[in-house]
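Here is a short tour of the charged side chains in this structure, with a look at the overall fold to begin. Have the model open as you read.

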Amino acid sequence: MADSLPEHDRILQEIESTDTACVGPTLRSVYDDQPNAHQRFMEKLDTCIRNHDREIEKMCNFHHQGFVDAITELLKVRADAEKLKVQVTDTNRRLQDAGKEVIAQTEEIIRCRVQQRNITTVVEKLQLCLPVLEMYSKLKEQMNVKRYYSALKTMEQLENLYLPRVSQYRFCQIMMENLPKLREEIKEISMSDLKDFLESIRKHSDRIGETAMKQAQQQKTFSTTLPKQNNVNYGRNMHLGRSRILESKNEITLKRTFEEDDEHEEEVLTAQDLVDFSPVYRCLHIYSVLGDGEIFENYYRKQRRKQARLVLQPQSSMHETVEGYRRYFSQIVGFFVVEDHILHVTQGLVTRTYTDELWNMALSKIIAVLRTHSSYCSDPDLVLELKNLIVVFADTLQGYGFPVNRLFDLLFEIRDQYNETLLKKWSGLFRDIFEADNYSPIPVANEEEYKIVISKFPFQDPELDKQSFPKKLPMSQSVPQIYIQVKEFIYASLKFSESLHRSSTEIDDMLRKSTNLLLTRTLSSCLQNLIKKPHIGLTELVQIIINTTHLEQACKYLEDFISNITNISQVTVHTARLYGLSTFKDARHAAEGEIYTKLNQKIDEFIQIADYDWTMSESDGRASGYLMDLINFLRSTFQVFTHLPGKVAQTACMSACQHLSTSLMQMLLDSELKQISMGAIQQFNLDVIQCELFASSEPVPGFQGDTLQLAFIDLRQLLDLFMVWDWSTYLADYGQATSKYLRVNPSTALTLLEK
């Protein structure tokens, strides 16, 4: 109990001296103390309160008289205060009445000052807002007149310079919200213009390409007339002074209408002048300003690749007319002329790598298409026109910097096909010439006709020149015609070799190879087929041999003709020779063989009509009619052979006599012949005698001694054996070199003896 009292004193002291915010913890310590501490604290608190009440009472008693005095003093002052109040009120009223006008004037001044300040503020704000409004108005005007690139620049100024100054105003917020929409609108419009441009270019690429190809041809022709120092690269000149941006037009169309009047066609326009490229420039600049340049580049390249595939796709009937090829090439040239222009006047829209890649892809497709479609061309004129188009096509694109070596390599493949079509055409011409020929020597009535013939064919014969008119040239009409057609073939082959950028030596070599093919394959085949035809008789075969001899002699003139065209001397080491010698030799050999065959066939025809009475008792005393007809035929035939080389005529005569002897021998030894009388033997002997007389009459000059008669020696010895019935001599001398019947075979003699 005693310990708790000082603690209670301390708590009361803290309560009296500390802030009220700290009373709580102090009071809490009362309850945290020992039991009944609360009661004891309350008792202590009551004691403390009574002590303070006593002190207050003491103090009030001490100051009570002063308080009474002060109250008394206040009561005295109250009357004076009332007076003063009345005076102040009256003074205030008078002051208020006097200051009303001043107050009114002051308020008016204040109001004017406020208005002036507001006006100044408005002017200042308007001065900030007017440029914004003017720029926005300018933006709207630019949008209306479709100057989108300028509009984007105006937007950029608005956003970065003007709008931040007055961003607190609502209209500025509206403007800020509208600017992205305007940008998107500009992007959409410019992209729409670009799409229209691409569509227009796709539709008119053939016209652009056609103009470029014409200009390339004109430039090539014009360049040949200028000194070298004035020569310029055609393709490069196309790009000089063309970097300016055309922004005045909005319509995505060609600058010029492609169906212009004649007076406008006199104006020289390049292929690029036909195209308004401003949509590309606008779209490129717009997307670049908007930070989407890469998106635009990718879109442009993607769309152009698609168009390239469409351009490179040929029509199924393209190979039927030259116009199909012309349109195909024009479209491709137009496409790449546009791309080349874009490459040189824009920064990075297309790159050289991109154009090279696109060109390589296109070149592979072009070569594949030309290989396929040109293989259907059977007309050499169409193939030649195709070659000329390819050359112009290649020269045009080469002028724009595209490599075209593969196209010229392709031309050599097409050249082989062209030669094949020429060979087919000339095969028909040769056949027509051979069909129309009468296979008779060419008659010339006077000097004029003679000059006409030799002007077509290089014929020289001093002996014939000495003869008087009328006279006949040894060859038939087909010879000068064939010679002329060979020269025409050389001209036709030369047409393809022109403009291929090849040397004269290479052209000379190509012409000779083509001519060799014409001679060794086409003409040779026509001659071989001609010789085998059934209606070609011995007279025609003889004339064919004569014709081939003269054509063979003319080959050297054809070589001179080629050398004159190409200006390449024949003494050049690499100059090829014409193979006409072998061609005509083979034809002559075939004709000679056919002569031998037809002679033998004719002899067989006469033999077949032989009608011997093998049982006659005695002969008629004269040779058989069929045999005399046969001999007369042979005589007349061999007279025709006088123009043939001697060896050919001799061989034909010897072959005919041998075949006749063999046929007569087979007639005697025929197994179907069972019995022969001596009269029939004598009649047969008379026929053999006529054959021997024919052989000894030298139907063909040049035989030595009785060489031709030896063709009948086997038959003669056999008949002599039976005619004289000299069997003892035959048997005694058999096997000896001096035997009279050395050529008689025992089996043959026995067979005939049995009959």
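## Overall fold

Of the contacts in the chain with a separation of 6 or more, 79% are between residues 24 or more positions apart. Please keep in mind that this is a predicted model. The chain has 26 helices and two strands.

Buried residues account for 42% of the 755 residues in the chain. The chain exposes about 41900 Å², and carbon and sulfur atoms supply 52% of that area.

A search of the whole structure turns up 26 salt bridges. In one of them, the side chains of Glu 413 and Arg 371 meet at 2.8 Å, N to O. This pair links distant parts of the chain, with Glu 413 in helix H13 (residues 405-436) and Arg 371 in helix H11 (residues 352-374), 42 residues apart. Glu 413 is partly exposed, at a relative accessible area of 38%, and Arg 371 is partly exposed too, at 46%.

Next, take Glu 594 and Lys 532, a salt bridge whose closest N and O atoms are 3.5 Å apart. Here Glu 594 in helix H20 is linked to Lys 532 in helix H17 (residues 504-532), 62 residues apart. Glu 594 is buried, with a relative accessible area of 11%, whereas Lys 532 is exposed, with 54%.

## Towards the end of the chain

Asp 714 and Arg 743 form a salt bridge through their side chains (3.0 Å, N to O). Asp 714 lies in helix H24 (residues 713-724) and Arg 743 in the loop between helix H25 (727-733) and helix H26 (746-754), so the pair ties together parts that are 29 residues apart in sequence. Asp 714 is partly exposed, with a relative accessible area of 29%, and Arg 743 also counts as partly exposed, at 44%.

## A salt-bridge network

Some salt bridges join up: Asp 90, Arg 93, Arg 94, Asp 97 and Lys 100 are linked in a network.

Which residues form a negative surface patch? They are Asp 611, Asp 613, Glu 618 and Asp 620. Asp 620 sits in the loop between helix H20 (580-608) and helix H21 (625-640), and is exposed, with a relative accessible area of 55%.

Asp 687, in helix H23 (residues 678-696), is buried yet has no salt bridge. The nearest side chain of opposite charge, Arg 622, is 8.8 Å away. Not counting residues up to four places away in sequence, Asp 687 touches Tyr 612, Ala 623, Ser 624, Tyr 626 and Leu 627.

How values were computed. Residues are numbered from 1 along each chain as its sequence is written. This is a predicted model: local features need pLDDT of at least 70, side-chain atom pairs count only at pLDDT 80 or more; totals for chains, interfaces and linings use all residues. Side-chain values use heavy atoms; hydrogens and water are left out. Patches are made of residues with over 30% relative accessible area and no salt bridge: like charges are joined within 9 Å, nonpolar side chains (Val, Leu, Ile, Met, Phe, Trp, Tyr) within 5 Å. Accessible areas come from the Shrake-Rupley method with a 1.4 Å probe; for residues, only the protein chains shown count as cover. A salt bridge is a side-chain nitrogen of Lys or Arg within 4 Å of a carboxyl oxygen of Asp or Glu. Lys and Arg count as positive and Asp and Glu as negative; His and the chain ends are not counted. The place of a charge is taken as NZ of Lys, CZ of Arg, CG of Asp or CD of Glu. Helices (H or I, at least four residues) and strands (E, at least two) are DSSP runs, numbered from the N terminus. Buried means under 20% relative accessible area, exposed over 50%, partly exposed in between (1.4 Å probe, protein chains only). Contact means heavy atoms within 4.5 Å.
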